[in-house]
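Biologist: I would like to learn how to read the aromatic rings in a protein model. Please take me through a case.

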Amino acid sequence: ADGLQGDGALVIVLHAGDLTSAQTAGAANLDALGAGAHGAGHGVLHGAAVRDTLLQLLGDVLGHQLRVAVGLLDLHHIDVRGTAQEVGDLRLQGLDAGAAAADNHAGMRGFEIARKLEQEAKELGVEFWLSTVAYGIFKEGVGIVRDGDNFIVKAKKVIVAAGGIENTTAFPGSTLPGVMLAGAAQTMTNIHRVLPGKRMVVVGSGNVGLIVAYQMLQAGAEVLAVVERDDHIGGYGVHAERLRTAGVPIFTDTVIKCASGKTSVEGVTTVKLDGNGAEIAGSEQEFNTDTVIMAVGMAPLTELLWNIGCRFEFIGELGGYVPLHNEFMQTSVDGIYAAGDITGVEEASVAMEEGSIAGIAAAAACGCIDADKCKELCASHIDALAVLESGEYDGERSAARVRKLKLYKAAE
């Protein structure tokens with residue numbers, strides 16, 4: 001039945017993409033990830049009481065797994081809308097780094113954290129709407145389809161934590177069965193306990209590619225090679241060294257030239273590239289493989305924010321077009337906040353800090369806390385973001401974040 005339903009203080013919109021590939025780093029081999037690896041469990045909700053006022057939402061990736069935290073005072077007037085199709089997806093797909101969550105979760109495995117947070121959220125009165133689609137944000141509210149019904153949910157403030165979606169790459173034969181994204185490989189292996197193939201080539205040497213390759217080894221597959229277009233390995237050295245120790249070669253300056261097979265992948269040919277990106281004649285290698293796994297990055301899943309008219313800028317370091325927002329995660333549209341990979345593809349720990357800021361700011365905007373308290377509560381999370389992005393490998397993303405904030409202020 002069409003119509004208006006609800007008048008909550010806050011609506012948090014997640015996207016089905018949160019439970020797919022971007023969270024690829026998150027399911028079976030949780031210990032392999034560590035605190036910085038990307039792959040949060042988008043869509044899992046967590047409430048931790050600070051005088052019974054703090055609701056934390058862990059939700060990118062996945063990732064493909066996003067984890068964000070939302071602080072609110074008036075918990076009885078909060079509705080959370082998720083587009084997950086199964087609770088199992090929420091629990092298994094993403095809370096991949098126990099140490100990246102709150103300190104009191106250190107040492108816990110991802111699915112244990114998810115179950116704990118889900119239970120806490122339910123005890124705080126948070127509603128979970130699964131098998132639900134948020135198809136648009138309008139001046140009247142958030143458009144929802146649930147159980148065949150189409151209606152509008154009115155809210156004072158909306159936080160969009162839609163996560164990111166996996167990129168792909170094309171080559172002759174890339175449409176053959178057996179060529180898949182990292183998220184699909186992980187879903188088959190970690191959720192359905194089905195090995196995608198026996199002999200694999202992985203494309204992409206970022207953390208996701210390296211971790212997926214190692215997970216496939218653990219599951220019993222033979223990983224013939226990891227190929228990387230850039231001239232260097234993109235992921236952490238510890239992940240690359242683990243593969244090398246297991247005998248898996250990592251080829252940089254290399255791409256798949258083609259995949260071959262009659263009805264599915266039966267082999268691939270790789271080729272080296274020169275400094276200009278041109279193929280080097282005679283450098284081809286043949287691999288007798290039945291599976292190609294692509295782990296070639298992510299892009300923010302931004303349709304809902306485009307729909308409502310948020311201002312965007314292209315920032316390549318953050319994955320493409322990203323919504324501009326202020327330091328409190330509010331976009332250029334009043335009352336619309338964003339957090340996690342939708343604001344730029346980064347680490348799960350960054351997504352959690354962003355979510356905390358967005359939640360606190362939304363609570364203040366709803367009148368639950370005053371402006372001074374909002375700034376006080378947000379300060380530690382803003383500082384944490386600076387620390388998280390101050391490392392050797394995060395300089396470009398840190399600079400991109402600063403540029404994004406400057407662009408927002410310039411447009412005010």
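Biologist: Is W306 buried, partly exposed or exposed?

Modeller: Buried means under 20% relative accessible area, exposed over 50%, and partly exposed in between, with a 1.4 Å probe and protein chains only. W306 has 45% relative accessibility, so W306 counts as partly exposed. F312, at 8%, is buried. This is a predicted model, where local features need pLDDT of at least 70 and side-chain atom pairs count only at pLDDT 80 or more, while totals for chains, interfaces and linings use all residues. Residues are numbered from 1 along each chain as its sequence is written, and side-chain values use heavy atoms, leaving out hydrogens and water.

Biologist: How many aromatic pairs does the structure hold?

Modeller: A pair of aromatic rings is described by the distance of the centres and the angle of the planes. Rings of Phe, Tyr and Trp (its six-membered ring) pair if their centres lie within 6.5 Å; planes under 30 degrees apart count as stacked, over 60 as edge-to-face and the rest as tilted. The structure holds 6 such pairs. In one of them, W129 and F151 sit edge-to-face, 5.8 Å centre to centre with 80° between the planes. Both W129, at 7% relative accessibility, and F151, at 4%, are buried.

Biologist: What about the rings of W306 and F312?

Modeller: Their centres are 3.9 Å apart and their planes at 5°, so this pair is stacked. Ring pairs also link W306, F312, F314 and Y321 into a cluster.
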